[in-house]
Amino acid sequence: MQAKKDVSSIMLQLYSNHTSLPPATFFLMGIPGLEETHLWLAVLLSTMYTMVLVGNSLIMIVIWVDPALHEPMYYFLCVLAGVDIIMATSVAPKMLSVFWSGNGNIGFSACFTQMYIVHTATALESGLLLAMAFDRYVAICKPLHYNTILTPQKILGINVAIVVRATIALTPLSWMVSRLPYCGSLAVPHSYCEHNAVANLACADHTPSNLYALIGSSVVVGIDVTFITASYSLILRAVFHLSSKNARNKALSTCGSHVGVMALFYLPGLISVYVDWWGQDMVPVHAQVLLADLYLVIPPTLNPLIYGLRSKKIWQGVWNTMAPNLPCYHCVNSKKERGPKQVFVMGDIRSTCEI
């Protein structure tokens with residue numbers, strides 16, 4: 001443990017002299033105290049980032065091209081997949097550069113841009129999780145009014161409101177931290193430009209910026225989690241009134257997986273924020289950095305699996321999109337000419353038998 005602290009101290013001393021760095025440049029240290037694991041973390045992060053790109057891109061393409069998926073739930077899922085790609089891409093490439101080669105140099109403008117994208121993307125994701133919880137509440141508790149409540153115009157309005165809220169709430173925060181003077185050490189003890197890690201390097205009082213981040217994140221997350229909890233409570237109450245045991249078990253499994261992904265998104269982020277204020281002496285720096293890193297990568301990795309690929313309609317959409325390009329598809333299809341009748345809808349082949 002002492003050796004790890006010595007390594008971290010040496011790195012801080014090495015990069016504290018900002019005159020040796022290019023002008024207007026921060027240096028990302030990665031995960032202080034875990035430098036010997038950077039290569040292993042790079043392998044893990046590369047795998048997860050690949051899954052993020054492939055899984056979320058596939059979800060977006062399938063929903064876009066398959067008319068059967070042009071429903072409110074899948075519209076929200078498509079936007080969520082896009083936000084996940086943006087959120088992971090805002091940090092993963094630079095983190096990989098830090099872990100693979102130790103190249104942690106990042107310009108002031110790039111650092112604050114990354115910070116703004118991370119904050120905005122997390123606020124967007126939180127809003128979309130709330131919208132999807134509301135969608136499931138209407139679908140299960142008010143099925144007869146589903147199409148009248150969630151019209152295309154209202155879906156567009158909800159998405160616009162989510163974007164406007166994130167922009168209004170987080171633009172002042174990015175402006176406040178970017179206006180602080182930085183005249184001392186420019187070594188950021190983090191693997192990306194996390195707000196508090198950067199603000200703590202300022203020569204002036206950064207308490208207003210940190211306080212705004214604490215209150216803003218608490219209010220946004222608190223409101224969203226409250227309504228998400230209310231939605232799923234009403235959903236569960238409706239589920240327990242179902243007469244079919246299989247239907248109840250399936251609904252409980254789906255709700256459980258959704259709640260699990262939400263917990264992985266909200267808990268590490270909130271713990272990271274509150275530890276910066278009250279638990280710095282209790283939680284090691286490397287644990288704080290790992291929490292902040294993982295909550296930006298794990299949810300985008302799991303969302304396509306939990307929300308998308310567990311759905312039969314998504315799998316059917318993947319098959320309808322990918323199968324015609326397979327060499328054996330037309331051969332197999334020709335042998336089943338006497339099978340179930342097939343209907344052509346906007347270029348997609350669908351069996352009249354439900355899967």
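**The helix pair and its setting**

Modeller: H4 and H8 are roughly parallel to each other, in a scheme where angles under 35 degrees count as roughly parallel, over 145 as roughly antiparallel, 65 to 115 as roughly perpendicular and the rest as oblique. This is a predicted model, in which local features need pLDDT of at least 70 and side-chain atom pairs count only at pLDDT 80 or more, while totals for chains, interfaces and linings use all residues. Residues are numbered from 1 along each chain as its sequence is written, and side-chain values use heavy atoms, with hydrogens and water left out.

Two packed helices are described by the angle between their axes and the distance between the axes. For H4 and helix H8 (residues 207-239), the axes come within 9 Å and cross at roughly 20°. Here axes are lines fitted to C-alpha atoms, for helices over the stretch in contact, and angles run from 0 to 180 degrees between N-to-C directions. Helices (H or I, at least four residues) and strands (E, at least two) are DSSP runs, numbered from the N terminus. The crossing of H4 over H8 is left-handed, meaning that the near helix is turned anticlockwise from the far one by less than a right angle, whereas clockwise would be right-handed.

On the H4 side, the residues that meet H8 include Ser 126, Leu 130, Ala 133, Phe 134, Arg 136 and Tyr 137; on the H8 side, those that meet H4 include Asp 224, Phe 227, Ser 231, Tyr 232 and Ile 235. Contact means heavy atoms within 4.5 Å. By class, the contact of H4 with H8 has 13 nonpolar, three polar and two charged residues. Ala, Val, Leu, Ile, Met, Phe, Trp, Tyr, Cys and Pro count as nonpolar, Asp, Glu, Lys and Arg as charged, and the others, Gly among them, as polar.

Ser 231 of H8 is buried, at 9% relative accessibility; buried means under 20% relative accessible area, exposed over 50%, and partly exposed in between (1.4 Å probe, protein chains only). Apart from its neighbours within four places in sequence, Ser 231 is in contact with Ala 133, Phe 134 and Tyr 137.

Beyond four places in sequence, the contacts of Phe 26 include Phe 108, Cys 111, Phe 112, Tyr 182 and Val 198.

The axes of H3 (residues 72-101) and H6 (residues 152-178) come within 11 Å and cross at roughly 25°, and H3 passes H6 in a right-handed crossing. Pro 72, Tyr 75, Phe 76 and Val 79 of H3 make this contact with Ile 155, Ile 158 and Asn 159 of H6. Its residues are six nonpolar, one polar and no charged.

As for the whole, the protein chain comes to 12 helices and five strands, and 43% of its 355 residues count as buried. Among contacts with a separation of 6 or more, 75% join residues 24 or more positions apart.
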